[in-house]
Amino acid sequence: MLRLVAFDLDGTIGDTVDLSLRALREVVERHLGHTVTDAEIDASIGLNDRGTLFRLLGYDDPNAVSTFTEIYRSLHHICPSAFDGIQQLITYLRQQGLTTALVTGKGIGSCSATLEQFGLLNTFDSILTGGFSKDIKADNLRYLLDKYGLEKQEAIYIGDTVRDIESCRDVGICCLTAAWASSANERRRCEQLNQGLVFSSVDKLSTYIRALIRHNST
């Protein structure tokens, strides 16, 4: 029986990936005087805001984190709302008595800014953010299972990357892939690894989850 649905944030709940990249580049340019490459940023994916900036700058600077959060908030007009249908899906899950959680690699500053912008700040039963030195998404998913006393088959995670699929496999829970904002290459890789569980729209994902819940009730 399905009892918990956990969501990723960037690329799953909202189209915030470019927003994060722009804010990171601006912070690095201010502090180091040069730009960073996509490869350098990609190498830090999965870390929280502080950890990402530490990797990119080469030193730990609380002021850089504060600047990043300020820039991130100021740019959020380029992504003013969550993907169509996300709020309705979360509301439906809660109405059905399911626990909802947010598990993201983002730091608490940018995560809170986005949830506030989307009107989702008080929506989730649990919000877990990323780690400073390593990707802790799998650890956070295990924490949720333990916190709510769940078996692995009672939880699913909705994420948009190959890393999300791999994290779920480490834990042993089902991953549903949100492909509505993925690059063509990332989507192909997800389809290879997660066959039959890749969804091109929020509506298609919602239909699948609703069918799971109806099956649970019969």
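These are my notebook entries on one predicted protein model.

**Ground rules**

I number residues from 1 along each chain as its sequence is written. Because the model is predicted, I take local features only at pLDDT of at least 70 and side-chain atom pairs only at pLDDT 80 or more, while totals for chains, interfaces and linings use all residues, and side-chain values use heavy atoms, with hydrogens and water left out.

**Entry 1: the whole chain**

I counted 10 helices and 6 strands in the protein. Both are DSSP runs numbered from the N terminus: helices are H or I of at least four residues, strands are E of at least two. Next I looked up the radius of gyration, taken over C-alpha atoms. It is 17 Å, close to the 17 Å that the globule rule gives for 218 residues, so the protein is as compact as a globular protein of that length. That rule is 2.2 Å times the number of residues to the power 0.38. Along the principal axes, the C-alpha atoms fill a box of roughly 60 × 35 × 30 Å.

I then checked burial. Of the 218 residues, 52% are buried. My cut-offs are under 20% relative accessible area for buried, over 50% for exposed, and partly exposed in between, with a 1.4 Å probe and protein chains only. The accessible surface comes to about 10,400 Å², and carbon and sulfur atoms hold 46% of it. Those areas come from the Shrake-Rupley method with a 1.4 Å probe; for residues, only the protein chains shown count as cover.

Contacts came next, meaning heavy atoms within 4.5 Å. Among contacts with a separation of 6 or more, 68% join residues 24 or more positions apart.

**Entry 2: α5 against α10**

I looked up how helix α5 (residues 86-95) packs on helix α10 (residues 202-217). Their angle is about 10 degrees and their axes lie 10 Å apart. That makes α5 roughly parallel to α10. I use under 35 degrees for roughly parallel, over 145 for roughly antiparallel, 65 to 115 for roughly perpendicular, and oblique for the rest. The axes are lines fitted to C-alpha atoms, for helices over the stretch in contact, and angles run from 0 to 180 degrees between N-to-C directions.

From α5, the contact takes Ile 86, Leu 89, Tyr 92 and Leu 93. From α10 come Val 202, Leu 205, Ser 206, Ile 209, Arg 210 and Ile 213. I sorted these residues into 8 nonpolar, 1 polar and 1 charged. Nonpolar covers Ala, Val, Leu, Ile, Met, Phe, Trp, Tyr, Cys and Pro; charged covers Asp, Glu, Lys and Arg; the others, Gly among them, are polar.

**Entry 3: Phe 83 and Thr 12**

Phe 83 sits in the loop between α4 and α5. It is buried, at 18% relative accessible area. I listed what Phe 83 touches beyond four places in sequence: Gly 11, Thr 12, Ile 13, Gly 14, Asp 15, Trp 180, Ala 181 and Val 202. Phe 83 and Thr 67 are 16 residues apart in sequence, yet 27 Å apart in space, C-alpha to C-alpha.

Thr 12 belongs to the loop between β1 (4-7) and α1 (17-32). Its relative accessible area is 0%, so Thr 12 is buried. Outside four places in sequence, Thr 12 contacts Phe 83, Ile 86, Ile 158, Gly 159, Asp 160, Ala 178 and Trp 180.

In helix α6 (residues 108-118), I found Ser 110, Cys 111, Ala 113, Thr 114, Leu 115 and Phe 118 buried. Their cover includes α3 (49-57), α4 (62-74), β2 (99-103) and β3 (126-128). Ser 112 is also in α6, but at 21% relative accessibility it counts as partly exposed. Beyond four places in sequence, Ser 112 touches Arg 73 and Leu 121. Just after α6, Gly 119 takes a positive phi of about 75 degrees.

**Entry 4: Gly 130**

I placed Gly 130 in the loop between β3 and α7 (137-147). Gly 130 is buried at 12% relative accessible area. Its C-alpha lies 3.8 Å from that of Gly 105, 25 residues away along the chain. Setting aside residues up to four places away, Gly 130 touches Asn 48, Thr 104, Gly 105, Lys 106 and Ile 136.

**Entry 5: Arg 188**

I found Arg 188 in helix α9 (residues 184-193). At 47% relative accessibility, Arg 188 is partly exposed.
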